[in-house]
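Q: I would like to learn how to read the features of a protein model one at a time. Could we go through them together, with the general idea before each case?

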Amino acid sequence: MKRILITGGGGFLGTHLCERLLAQGNEVICVDNFYTGAKRNIYHLLDNPRFELIRHDITFPLYVECDEIYNLACPASPIHYQRDPVQTVKTCVHGAINMLGLAKRLNAKILQASTSEVYGDPSVHPQVESYWGNVNPIGVRSCYDEGKRCAETLFSSYHMQCALRIKIVRIFNTYGPCMHPHDGRVVSNFILQALRNQDITLYGDGSQTRSFCYRDDLIEAMIRMMGTGDEVTGPVNIGNPGEFTILQLAETILELTGSRSKLIRMPLPSDDPKQRQPDISQARRLLGWEPTTPLREGLKKTIEYFDRLLREDPDFCTQNGNF
């Protein structure tokens, strides 16, 4: 049994990671300030004697004892990280410094949840880990993109200078149950609009592409990455290499929900990447991993979650993004 710290443990991915690690018999310390996470996600874990919840902002130091650290804390959708860009940068950078300092003191293994956004609007397709990216350092998305790039630099520097046992994964678009209804991500937006028979907002002409990885598959990759030997540090891409246009996603969701929604087109946001697809050759080789959940199957489970959420907790779905 290990004692494992998860920052951002009340979020979309953190919730499922808590569940998986508890199911393996570990003790889990969930740290979250609930800026974008939701306490409702972890209510069912509070009675577990091996689960501990700490409300804390990781831009401030944290003093606990643990064997491993998963650093997931940071707003991950544009609507959230652009709301307070300065705090987003602080979470990426100060948060990384605090968690790395904790890992150094404890000689703990630490994993950084980085992002495909470090590639920016890529000129290499699909994206490989050796590609340095095409990022606007002063754009509306820069607080997140550059914050995560700096966090990767900090992790690499601690590894080189202090021999810290680090792991870096670059997460591509992920979806599934426990997504916040107002996170502004394309999957949650389209599903909620379809279930309510509202117009589906398609930005641009819908030809921009994304890869969509189901939550369970992604968490499996993170756990496998943490379990690798010290010689494996990353970064390693984790995501689904299947590429779909945003228009294809909208049409699939309309079909699966039986919605009467119509597609309407809106201007493309600034710095929005035109293509996003991971090369997961390293994940296959180092982790023996690749996603197994087809898009339609994952969407069905996600639609069921939001349909239940709309019936059981309609107030949560009408907060207009306020937490």
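Q: Is Asn107 buried or exposed, and at what relative accessibility?

A: The general idea is a scale of relative accessible area, on which buried means under 20%, exposed over 50%, and partly exposed in between, with a 1.4 Å probe and protein chains only. Asn107 counts as exposed because its relative accessibility is 53%. This is a predicted model, in which local features need pLDDT of at least 70 and side-chain atom pairs count only at pLDDT 80 or more, whereas totals for chains, interfaces and linings use all residues. Residues are numbered from 1 along each chain as its sequence is written, and side-chain values use heavy atoms, with hydrogens and water left out.

Q: Which other residue of the loop between β2 and β3 can I look at?

A: Pro49 lies in that loop, which runs between β2 (27-32) and β3 (51-55), and with a relative accessibility of 82% Pro49 counts as exposed. From C-alpha to C-alpha, Pro49 is 22 Å from Gly37 in space, while the two are 12 residues apart in sequence. Ile171, in strand β6 (residues 166-171), gives another pair to look at: Ile171 and Ala113 are 58 residues apart in sequence and 6.9 Å apart in space, C-alpha to C-alpha. Ile171 counts as buried, at 11% relative accessibility.

Q: Which residues are joined by a cis peptide bond?

A: The angle to read here is omega. A cis peptide bond joins His125 and Pro126, with omega about -10°, and Pro126 is placed in the loop between β5 and α4. A cis peptide bond also joins Gly234 and Pro235, with omega about 5°, and Pro235 lies in the loop between α6 (215-226) and β11 (236-238).

Q: How many salt bridges does the structure hold, and which parts does the pair of Arg276 and Glu117 tie together?

A: A salt bridge is a side-chain nitrogen of Lys or Arg within 4 Å of a carboxyl oxygen of Asp or Glu, and the structure holds 16 of them. In the bridge between Arg276 and Glu117 the closest N and O atoms are 3.2 Å apart. Arg276 lies in the loop between β13 and α8 and Glu117 in the loop between β5 (109-115) and α4 (142-162), so this pair ties together parts that are 159 residues apart in sequence. Both Arg276 and Glu117 are buried.

Q: How far apart in helix α4 are Arg149 and Glu146?

A: Arg149 and Glu146 are 3 residues apart in helix α4, which means that about one helical turn separates them, and their side chains meet in a salt bridge (3.1 Å, N to O). Arg149 counts as partly exposed at 27% relative accessibility, and Glu146 counts as partly exposed at 25%. Another salt bridge joins Glu255 and Arg296, with the closest N and O atoms 3.0 Å apart; the pair links distant parts of the chain, with Glu255 in helix α7 (residues 246-257) and Arg296 in helix α9, 41 residues apart. Arg3, Glu27 and Glu52 are linked in a network of salt bridges.

Q: Which residues make the nonpolar surface patch?

A: Patches are made of residues with over 30% relative accessible area and no salt bridge, like charges being joined within 9 Å and nonpolar side chains (Val, Leu, Ile, Met, Phe, Trp, Tyr) within 5 Å; the areas come from the Shrake-Rupley method with a 1.4 Å probe, and for residues only the protein chains shown count as cover. Here Tyr203, Ile264, Met266 and Leu268 make a nonpolar patch of about 320 Å². Leu268 is in the loop between β13 (263-266) and α8 (281-287), and is partly exposed, with a relative accessible area of 42%.

Conventions: Helix = DSSP H or I, 4+ residues; strand = E, 2+ residues; numbered from the N terminus.
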